[in-house]
Amino acid sequence: GKNFQIINTHLQSDFTEFPCCRFNYHDTRNLQENQLYQSIKLYPFPLLFGDFNRENFHYFEKFSDEFHTTFPQTGEMLDFMLIHRPISNRIKNRSVIYFDDIHTSDHIPVLFKFEL
């Protein structure tokens, strides 16, 4: 009986490398996270999913604290379900499953099971 919004997104990657130079995007990702934060204020119960290309966040908390590599090329965990802090106590983690044997992407697929 509750409405909630599922937002699937992708943030800018760490860097882009060219033969002449390398561009770092740390500030861009901070701005993108802030934009997400500003936009979800419009929704009563937002859940964020996707490839966030970062492991730490300012405005959100991770649904699961477990570390599991989702980007094997660098050993990073970049794919999450993120929760806006004021609603985090209303979501119960049932399970998080990583599909290491599925090789259809450069990221390892993740299945989140939760209860509102």
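This is a predicted model: local features need pLDDT of at least 70, side-chain atom pairs count only at pLDDT 80 or more; totals for chains, interfaces and linings use all residues.
Along the principal axes, its C-alpha atoms fill a box of roughly 55 × 35 × 20 Å. Of the 116 residues, 34% count as buried. When contacts between residues at least 6 apart in sequence are considered, 58% of them join residues at least 24 apart.

The helix, α1, has 15 residues, and the distance from its first C-alpha to its last is 21 Å, which is close to the 21 Å expected at 1.5 Å a residue. Within α1, the residues R29, E33, L36 and I40 are buried. These residues cover an arc of only 55 degrees around the axis, and they therefore lie on the same side of α1. The buried residues of the helix pack against the strands β1 (5-10), β4, β5 and β6.

Among these strands, β4 is mostly covered, since six of its six residues are buried. Strand β4 runs parallel to β1, to which it is joined by six bridges, whereas its pairing with β6 is antiparallel and extends over five bridges. The residue F49 illustrates both pairings, for in β4 it stands opposite N8, and it also stands opposite M81 in β6.

A search of the whole structure finds seven aromatic pairs. One of them is formed by Y37 and Y59, whose rings are stacked, with 4.4 Å from centre to centre and 10 degrees between the planes. Because Y37 lies in helix α1 (residues 26-40) and Y59 in the loop between β4 (46-51) and β5 (60-62), this pair ties together parts that are 22 residues apart in sequence. With a relative accessibility of 27%, Y59 counts as partly exposed. A further pair, between F57 and F80, is edge-to-face, its ring centres being 5.5 Å apart and its planes at 90 degrees to each other. This pair also links distant parts of the chain, as F57 is placed in the loop between β4 and β5 and F80 in strand β6 (residues 79-84), 23 residues apart. Both F57 and F80 are buried.

The loop between β4 and β5 also contains N53. Most residues other than glycine have a negative phi. N53, however, has a positive phi of about 50 degrees although it is not a glycine. The relative accessible area of N53 is 8%, and the residue is therefore counted as buried.

Two residues of the following loop, that between β5 and β6, were also examined: S64 and T70. S64 has a relative accessible area of 11% and is thus buried. A polar atom of its side chain lies 3.2 Å from the backbone nitrogen of E66. Once its neighbours within four places in sequence are left aside, S64 is in contact with N93 and V96. T70, at 0% relative accessibility, likewise counts as buried, and its side chain reaches the backbone nitrogen of L78 at 2.9 Å. With neighbours within four places in sequence again left aside, T70 is in contact with E76, M77, L78, D79, Y98, D106, H107, I108 and V110.

Definitions and conventions
Residues are numbered from 1 along each chain as its sequence is written. Side-chain values use heavy atoms; hydrogens and water are left out. Rings of Phe, Tyr and Trp (its six-membered ring) pair if their centres lie within 6.5 Å; planes under 30 degrees apart count as stacked, over 60 as edge-to-face and the rest as tilted. Helices (H or I, at least four residues) and strands (E, at least two) are DSSP runs, numbered from the N terminus. Buried means under 20% relative accessible area, exposed over 50%, partly exposed in between (1.4 Å probe, protein chains only). The expected span of a helix is 1.5 Å times one less than its number of residues. The arc is that of the directions from the helix axis to the C-beta atoms. Contact means heavy atoms within 4.5 Å. A polar contact is a pair of N or O atoms within 3.5 Å; within protein, one must be able to donate a hydrogen and the other to accept it, and residues adjacent in sequence count only if both atoms are side-chain atoms. Two strands pair if DSSP finds at least two bridges between them.
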